[in-house]
Amino acid sequence: MTTTIDSATPSATARAELPPRTRSLRQRFRENAWAIWFLLPAGVFLVFSVLVPTVQGAVYAFTDWNGLTADWDFIGFDNFTRMLNDPFASTAVANTLLLTAITFVGQNVIGLGLALALSSQIKGRRFMRVVVFAPAVITPVVIANLWRFILQPEGPFNAALEAVGLGWARQIWLGDPNLVVWSISFVILWQMSGVIMVIYIAGLQNVPDDLLEAAALDGAGAVRRFFAVTLPALKPAFVVSTLLCVIGGLKTFDQVWVLTRGGPGVSSQVLSTAVYQAAFLRGEFAYSTAIALVLAVITIIAAVIQQRVSRPRKDA
Amino acid sequence: MRSKNTARRVMLAGVAVAALAMTAGCTSGGGGGGGGDDQTLTILWTQGYSEGLEAVMAEFKKENPDVTFETTYAEGDAYFAAIRTQLQAGTAPDVLHVWPGNGNVGATIPLAQNGSLMDLSDQPWASTLPDSAKPYATYDGKTYSFPTTLSIVGAVYNDEALAASGLAIPETWDQVIQFCKDARDKGTVAYSLGLTSTHESQFVGYALYPQLVQGPQPNLDEEVAAGTTTFNDSGWKDALGKNVEMAEAGCFNDSAQGADMFEASRILSEGESIGMVTIGQYMGIINNPGLTLAPLPGSNDPSESKIAVAPSTSAAVNAKAKNPELAKKFVAFLATPEMNELFECNVADGLGSLPITATDGPGKCDESAFDQAALTYVQEGRTGGFPDQTWPSPDVQMALQLGMQEAVFGGRTVDSVLTDMTNAMLSSAG
């Protein structure tokens, strides 16, 4: 019996059989060079439109650049120490963290609740999923403009409260400094909970039915089954939703700007609106980049914590 | 096999280079950075004055048929962002809308200080600018902008609502407080207010500024900047305190804290309030021709009452204009009395503003009771300016606006607002 050995075959087979680490860097580069060519345009774009401006901005944070002229001087950490004493910026940090906390908890609770409800055998569940998710596809600026009208003191929201006998609950939703951050959070929750719902619906598909059946046979009630079987299985979905909620909350701009411009006063000012105001309404570009840098650091810390907490534990 | 791999690599490299070239093509060109020939004029202007500008552009084109205009409009905060970023990037149009004087990032003086505007001192209109307008159009002895109109801040009354209430326009401060109480007794409200629009919080202060601050202390800003006094020790304390007093007397609509300028304008327009302390630019939004202008009295002597009148939207030329000669020609055209009047008449039908030459007499479209009242005060010299136009940075006005948003209904004290304004003045001057 004659076996014809193709000159390429042994080396290809041998290469395929070798574990990845055994192949040299040069071999791996040659195999994947074509991918690098495809990544090159996007990489160049990323460097010049994201990385270079980010580094430039970080440098300007330590200067007194006014955004117009080429003259500027290094002033060290003056912009950052100014933030500590400036209620405009310090209130923005506090509001950003509060808004993020409210939207993180709210979106997960509401999203999970909706996912559980609309994953049951309830009639019309597919239609309801579309209805709940629909606001998320509309740009936040449009949604915020609608809610700004709805939440006017004489607007439809207060009128509806009055109509159902809850006139005592009427509030100045966007003009009361004690309520305004909660009102803005409500608008964000109304729009974005549908996204989290979809993530949890996908997660619920992976909950093992046999485990649920076994738990039911063992006498576990619905609540026990939820906490013992369903919730642990939803951990991957929780990781994704946490990342979206936290980063989305930290960088919220559109809803705050359209609804209140950070007012009344600075009571709903967040870091992203503070960056915008400092740069474009006050002409303090260097100060605005310092605020932006603080926001970036907070976001990085949040992402690192989230990654660490969601990392699978190694068994002893 | 080797030639097949090589061909494959060449093909893939070609695709990648083509993709890179397409990306580079997307990022180049475009923008508002001037026309490609000397007959294209690029303009950046505010949306609210677009009708005035369009009317003048149409007349200019009749005399210069080869000229093509490329106009970009923006409004409010978007305009500030556009003008600063475009000037910094070198892509700003030839002709720019700027604000007169100082006090905001798009105003004549800070832009001239940074070398962003062209010196227009040699233009024929520069020597004929009214003396009252010159401080707001010049920097370091040179002229940089042409102020097109005068804007007005005062108390505006809905004639029908006033007649229905049976009340009279108050002429003293005590009458203002009584007017507010009487309006409530009659089931209406004296003045509409929409505090969620940031600038709404400054108008009572602005209306009282000529009488209570500028008149008695004309050099206040310099003194505060020098550290020899504070805003707390000035007429501002009285002016802003009166704003709070009005709120305590029930002068404003119950929804004031949650309403915006559009809601406040609607309330006045539909007669749900009798009046509103506001600026002339709102007349287009209020959209009710039956309005009367009067000063908001700051004392019990009617003869001391004044209205605030100041130069408004101004035209300037980009220092790095691609078409400087055509740009200067257009601004000079806009500055002629006929075109200035045409511009003013096409902005809200001329209601709420006056031509820059108002001291000489009314414009063609200033026959409304509102404009006639304003003219009377201008010609009698019973006016003052807008305070922000002489402040060294936007921070002072922002401290006033943001502070009064909370202070009007007792969220913070007037003294704390004035302290913030003083600190902002000191840091800007320093």
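**Sheet, domains and chain contact in a predicted model**

Me: In which sense do β6(B) and strand β12 of chain B pair, and over how many bridges?
Reply: In this predicted model, strand β12 of chain B covers residues 314–317. Opposite B:S314 in β12(B) stands B:P147. The pairing of β6(B) with β12(B) is antiparallel, over 3 bridges.

Me: Why is one side of β2 and of β6 of chain B left without a neighbour in the sheet?
Reply: The open sheet of chain B has 5 strands with mixed pairing, in the order β2-β1-β3-β12-β6. β2 (68–74) and β6 (145–147) each have a single partner strand, so one side of each lacks a neighbour, because both stand at the edges.

Me: Which helix of chain B packs on the sheet, and what angle does its direction make with that of β12(B)?
Reply: The helix is α13 of chain B, residues 324–334. Helix α13(B) touches β1, β3, β6 and β12 of chain B. Its direction and that of β12(B) make an angle of about 160 degrees.

Me: What distance separates the centres of domain 1 and domain 2 of chain B?
Reply: Domain 1 of chain B comprises 40–148 + 312–335, and domain 2 comprises 152–309 + 375–429. Taken over C-alpha atoms, their centres are separated by 29 Å.

Me: Which element gives the most to the side of chain A that touches chain B?
Reply: The contact joins 30 residues of chain A to 35 residues of chain B. On the chain A side, α2 (25–60) and α13 (271–281) each supply at least two residues. With 7 residues, the element that gives the most is α2(A).

Definitions and conventions: Residues numbered from 1 in each chain as written. Chains lettered and ligands numbered in written order. Predicted model: local features only at pLDDT ≥ 70, side-chain atom pairs only at ≥ 80, totals over all residues. Domains from an automatic or database assignment. Contact = placed C-beta atoms within 7 Å. Helix = DSSP H or I, 4+ residues; strand = E, 2+ residues; numbered from the N terminus. Pairing = 2+ DSSP bridges. Axes fitted to C-alpha atoms, helices over the stretch in contact; angles between N-to-C directions.
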